[in-house]
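Good morning, everyone, and thank you for coming. Please look at the sequence and the structure on the screen while I go through a few features.

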Amino acid sequence: MFSFAKAVYFLVNHQLREKIPGVQKERVDLPCKGVNLTNTFRPKGIDISARPTVIVIHGMSPQGIEDERILRWCLSLAKQEYLVVAPEYKLLRDCGISVQTSVDIQSTFEVIGADKNLCPSGKLALMGVSFGASLSLIAACRMQSPKRFVAMCLVGGYYDLRESLHYMISNSHADPYGLTILLKNFTHLMFDDPELAKEILSISIEDLSYLRDEPLAEKEIYRLSKSDRDRLGEYLSSQSFRARWFEEIEEHLEELFSQHSLTEALEQVEFPITLIHGEDDTVIPPSQSHLMYQALERYSNRHRVLITPLISHA
């Protein structure tokens with residue numbers, strides 16, 4: 001009953017859009033490459049010395065750690081009497097798909113875990129969302145001291161990157177935001193002018209992220225050649241076009257799939273993981289969390305999975 005009450009309290013705080021009282025938000029500098037800035041959230045007047053520090057990892061968003069959803073997660077967790085640290089990663093904010101991101105995340109884990117001010121107990125917990133969730137798991141299992149972690153909650157993460165991209169490409173109701181991020185990372189495999197296309201797709205991602213009433217990309221797109229505009233239009237509107245294109249480029253992505261594999265990481269997990277996934281996620285399918293759960297169960301029965309209609313993508 002106590003756990004249920006704490007969960008309800010967390011959810012209520014998460015839904016509050018105004019500033020949550022009793023939590024102090026501060027900006028700190030982490031000496032880590034690949035990190036723009038870092039927010040901390042401390043519960044006021046509470047002894048947190050024996051509690052794990054919760055690290056919150058954002059997903060691919062130009063809003064980074066200032067995304068309202070991330071802010072609400074952090075504030076709600078701090079209200080549960082945890083010290084919360086939220087680093088902002090350059091590559092995730094730029095919506096880049098790169099193995100360097102997991103290296104950058106691992107670096108912040110090591111620095112935070114060794115800092116007595118940021119991690120007084122020497123123990124870490126984690127909440128990661130979307131692409132950042134799965135990369136966080138890889139990073140944690142590569143740490144010099146992976147036993148610092150006592151628990152993780154991964155929301156909307158992938159288990160198999162190849163299958164996840166196939167799902168997004170072939171989905172007739174594919175999310176435009178996810179499709180645009182994917183294409184931005186592989187403009188060199190579609191466009192005559194890949195750098196210009198990447199610039200315009202970045203503007204489009206910002207339009208979608210900030211829900212702009214007057215999208216800036218609608219005008220910028222005319223800087224592309226007609227052939228590149230036609231390719232972009234077909235990619236966004238035609239499921240069959242996307243499927244053919246992805247089949248053609250898939251052989252160029254084998255190293256990327258290998259670098260983002262979770263197989264090795266899952267074998268080393270020594271802490272309980274809770275997996276949460278939106279039932280109608282159109283970016284990463286909920287089956288990915290089921291597959292991750294089944295893989296984790298081979299090594300331990302301490303893990304949990306929840307597929308819920310209450311969220312879409314993380």
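Predicted model: local features only at pLDDT ≥ 70, side-chain atom pairs only at ≥ 80, totals over all residues.

Which residue lies over the face of Tyr82? That residue is Arg51, at 4.1 Å from the ring centre, where a charge sits over a ring if NZ of Lys or CZ of Arg is within 6 Å of the ring centre and within 35 degrees of the ring normal.

Residues are numbered from 1 along each chain as its sequence is written, and side-chain values use heavy atoms, with hydrogens and water left out.

Now to the aromatic rings. In the whole structure, a search finds 4 aromatic pairs, that is, rings of Phe, Tyr and Trp (its six-membered ring) with centres within 6.5 Å, counted as stacked if the planes are under 30 degrees apart, edge-to-face if over 60, and tilted for the rest. The pair of Phe149 and Phe271 is tilted, because the ring centres are 6.0 Å apart and the planes stand at 45°. Phe149 lies in strand 6 (residues 149-155) and Phe271 in the loop between helix 13 (263-267) and strand 7 (273-278), so this pair ties together parts that are 122 residues apart in sequence; here helices (H or I, at least four residues) and strands (E, at least two) are DSSP runs, numbered from the N terminus. Phe149 counts as buried because its relative accessibility is 3%, and Phe271 counts as buried at 4%, where buried means under 20% relative accessible area, exposed over 50% and partly exposed in between (1.4 Å probe, protein chains only). Together with Phe109, Phe149 and Phe271 form one aromatic cluster.
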